[in-house]
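Please keep the sequence and the structure in view while reading.

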Amino acid sequence: MENNFNCWFQSIDDPNNKFPIDEIIYRCPDTGSLLEVAHDMEALKKHDSTYWKDLFDSRYRRQSWPYGSGVWGKKEWVVPFIDDKNIVSMYEGSTNLFWADRYGKQIGVEDLWIKMCGNSHTGSFKDLGMTVLVSAVKQLIDNGNEIKAVACASTGDTSAALSAYCAAAGLKSIVFLPKNKVSVAQLVQPLANGATVLSIDSDFDGCMKIVQEVCKKNNIYLANSINSLRIEGQKTISIELCQQFDWEVPDWVLIPGGNLGNISALGKGFLMLRDLGLIDKLPRLVCAQAQNANPLYLSYLKDFKSFEPVSAKTTLANAIQIGDPVSVNKAIKILKEFDGIVEQSSEDELASSTAKVDLTGTFNCPHTGVAISVFEKLVKNKTIKKSDKVVIISTAHGLKFVDSKIDYHLEKLTGISNTYSNLPINVDNSIDDVMKVLDTEIK
Ligand SMILES: *Cc1c(COP(=O)(O)O)cnc(C)c1O
């Protein structure tokens, strides 16, 4: 690979505030604003769109390490400064773009696709960002920096991804989890991968405050999505889904939002595709929030004129139970640029949607359920037209959330209508009894 593609950090408020990409820095020291990774677009533009399409296609899902990874196959656009020898990859990305034709027919939108980002090493899209971040840490250490550990606060999936990539790299990881607010699968992942797991009697927002303090000193590197390196990996979702459509752009992309890094990443990917000539229009973006953790939705109702954090209430969509999202300014900027919409879904709506779509062969997480119920609302009020091409981003694998999914089917959740619940049937050890049951089941 040519290595004349530069990137650097810059403040999201003032692009003149620039910092070297190999500096350990998370916010602009003058203004405290978030940073983003900027690329030398002039250097990238020296190649035309056909060059990039052919290059990406030639690497897609191949074994030539690390370029077969959905993230590293786009390395020049992501983080070109990392030497291949420092890359920590588990073949992330290249996830199925599932044609949801049976479910789509039920709703009347037949050009409907679900991007299965949870079909990944640790079961969520967080792998896309974490491969970049952990590789960057290896590069920084290689450059002579002392980094003793990598830490994050998490609603469950970030910690799983961090622990796995750190274990693969031989780095120490420390994760801060809100006590009793993550699923069993989410808790066991960092334990299994040897992370130091701190269970804090607080919520995600509380854990986030602690980890930022801890990382200010002690040579501990911060892995939350406040760290803009992760956004660079996650933005490959947009690049990859356009690639999967042979560079056709969908009309709509819907995504569940909590800390709002992923909606920002999605937008950044599409902008880069447009600016480098691979696509000639932008989709409209929809950020779907749980009603119990909906600060962006409330701000959207006021045309984003102001934003106030909320205290997030318990939601089945625990990975987006966030009241004070770190990336809110990035997200609002992106939503304005993409004629975006924010919509919310109640607990009953998200549980029903998750179960309803599962009946057509998927196995969704509750966050994907939030996006699906928002999709149905927007079709119902005719914002999304039946002829539109629609992509729903599925953010995690349903197997990480079996605790709440089984409670739904066993009808143990309060305030949920159980329209699609499917209870196991207890039958005596007798052919006659079994046949009696089957007579009523098979009609
Ligand atoms: C992290 C996460 C989200 C939310 O992404 P943000 O970038 O925090 O908005 C949604 N779904 C799942 C499963 C997640 O793990």
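The points below take up cavities, pockets, cysteines, a helix and a loop residue in turn.

The model is a predicted one, in which local features need pLDDT of at least 70 and side-chain atom pairs count only at pLDDT 80 or more, while totals for chains, interfaces and linings use all residues. Residues are numbered from 1 along each chain as its sequence is written, and side-chain values use heavy atoms, with hydrogens and water left out.

**Cavities**

- Rolling a probe the size of a water molecule over the atoms shows where empty space is left.
- A cavity is a set of points, on a 1 Å grid over the protein atoms alone, where a 1.4 Å probe fits but cannot get out, and its lining residues have an atom within 4 Å of a point; grid points are joined across faces, edges and corners, and a volume is the space filled by probe spheres set on the points.
- Under this rule there are three cavities of 30 Å³ or more, and the largest cavity holds about 300 Å³ of space.
- The lining of the largest cavity is made up of 28 residues, of which Phe125, Lys126, Gly258, Asn259 and Ala319 are the closest to its centre.
- At least two lining residues of the largest cavity come from each of helix H6 (157-169), helix H9 (228-234), strand E10 (252-256) and helix H11 (261-275), with H11 supplying the largest share, three residues; helices (H or I, at least four residues) and strands (E, at least two) are DSSP runs, numbered from the N terminus.
- Eleven nonpolar, 14 polar and three charged residues line the largest cavity, where Ala, Val, Leu, Ile, Met, Phe, Trp, Tyr, Cys and Pro count as nonpolar, Asp, Glu, Lys and Arg as charged, and the others, Gly among them, as polar.
- The second largest cavity has about 110 Å³ of space, and its lining includes Leu316, Asp358, Ser404 and His409.
- Helix H14 (347-358) and helix H16 (402-409) each give two or more residues to the lining of the second largest cavity, and H14 gives the most, with five residues.
- Seven nonpolar, three polar and two charged residues make up the lining of the second largest cavity.

**Pockets**

- A pocket is an open set of grid points with protein on both sides within 12 Å along at least five of seven lines, and the largest pocket has about 460 Å³ of space.
- Among the 18 residues that line the largest pocket, Glu36, Val37, Lys268, Leu271 and Ile334 are the closest to its centre.
- Strand E3 (35-39), H11 and helix H13 (328-337) each contribute two or more residues to the lining of the largest pocket, H11 giving the most, with six residues.
- By class, the lining of the largest pocket has eight nonpolar, three polar and seven charged residues.
- The second largest pocket, with a volume of about 260 Å³, is lined by 15 residues, of which Lys181, Thr315, Leu316, Asn318 and Ser404 are the closest to its centre.
- H16 gives the most to the lining of the second largest pocket, with three residues, and that lining divides into four nonpolar, seven polar and four charged residues.

**Cysteines**

- With a disulfide taken as a pair of cysteine sulfur atoms within 2.5 Å, the count is zero.
- The sulfur of cysteine 166 lies 8.7 Å from the closest cysteine sulfur, that of cysteine 152, which is too far for a bond.
- The sulfur of cysteine 287 is likewise too far for a bond, at 14 Å from the closest cysteine sulfur, in cysteine 365.
- Cysteine 166 is buried, with a relative accessible area of 0%, and cysteine 287 is buried with a relative accessible area of 0%; buried means under 20% relative accessible area (1.4 Å probe, protein chains only).

**Helix H2**

- Helix H2 (residues 49-59) has Ser49, Trp52, Leu55, Phe56 and Arg59 as its buried residues.
- Seen down the axis of H2, these buried residues fall within an arc of 135°, so they line one face of the helix; the arc is that of the directions from the helix axis to the C-beta atoms.
- The cover over the buried residues of H2 includes helix H1 (41-45), helix H3 (75-78) and helix H10 (236-244).

**Threonine 395**

- Threonine 395 lies in the loop between strand E13 (390-394) and H16, and counts as buried at 6% relative accessibility.
- Beyond its neighbours within four places in sequence, threonine 395 is in contact (heavy atoms within 4.5 Å) with residues including Cys117, Phe125, Pro256, Asn262, Cys365 and His367.

Key
Buried < 20%, exposed > 50% of the residue type's maximum accessible area, 1.4 Å probe, protein only.
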